Amino acid sequence: MALTLSRVSRTRLSVAAAAAAVLAVGAPAAYASLDGDTRAPGTTTTTQVSRGQAYTETRLLFGTERPDGGPDVTDKQFMKFIDDEVTPSFPDGLTVQDGRGQWRDSNGKIERERSYELILLYPTAQAPKRDALVEEIREDYVKKYAQDSVARLDDRLRVDF
């Protein structure tokens, strides 16, 4: 039995070492690809075509359950929030997706709730101005619906409409 466990342990160790080697080699290349595109506009490499303009994508994740025990935020309430608080700042367009979220609260309990994902695209040159508007949206939702937070994810990309 000890011989079998020893072989299994050696196999697992070999697999773990191989995985670590692949990650060690691939990670720098992957992270390098996240850096900004420094090529001149209109130039390409043989493996990548560059199209579109530099945009920032901001995703906001809104929960619907209230930590204070109040009623969940309804679809109607959320869409009114979008109409009143988001659309005036981002009139050129946005996307809302329904979701199901999960997170660990401050007591260590796993919480699950219906959620919304808001996707905003705007020219990267406008990012400083838009950042303040996005933060205002987050703060307004937290206050209005007694939330702990609204998650934010930002990414740079190229967009062609």
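Strand E2 (95-104) contributes the most residues to the lining of the second largest pocket, 5 in number. The model is predicted: local features need pLDDT of at least 70, side-chain atom pairs count only at pLDDT 80 or more, and totals for chains, interfaces and linings use all residues. Residues are numbered from 1 along each chain as its sequence is written, and side-chain values use heavy atoms, with hydrogens and water left out.

**Second largest pocket**
- The pocket holds about 460 Å³ of space (on a 1 Å grid over the protein atoms alone, an open set of points where a 1.4 Å probe fits, with protein on both sides within 12 Å along at least five of seven lines; lining residues have an atom within 4 Å of a point).
- Its lining has 23 residues, and Gly63, Trp103, Glu113, Gln147 and Ser149 lie nearest the centre.
- Strands E1 (53-63), E2 and E3 (110-123) each give two or more residues to this lining (strands are DSSP runs of E, at least two residues; helices are runs of H or I, at least four).
- By class, the lining has 6 nonpolar, 9 polar and 8 charged residues (Gly counts as polar).

**Helix H2**
- Phe78, Phe81, Ile82 and Val86 are the buried residues of helix H2 (residues 75-86) (buried means under 20% relative accessible area, exposed over 50%, with a 1.4 Å probe and protein chains only).
- These residues line one face of H2, because they fall within an arc of 100° seen down its axis (taken from the directions from the helix axis to the C-beta atoms).
- Exposed Lys76 and Lys80 are on the face turned away from the buried side.
- The cover over the buried residues of H2 includes E1, E2, E3 and helix H3 (127-144) (contact means heavy atoms within 4.5 Å).

**Aspartate 105**
- Aspartate 105 sits in the loop between E2 and E3 and is buried, at 15% relative accessible area.
- Proline 67 is 38 residues from aspartate 105 in sequence and 9.5 Å from it in space, C-alpha to C-alpha.

Methods. Points joined across faces, edges and corners; volume = space filled by probe spheres on them.
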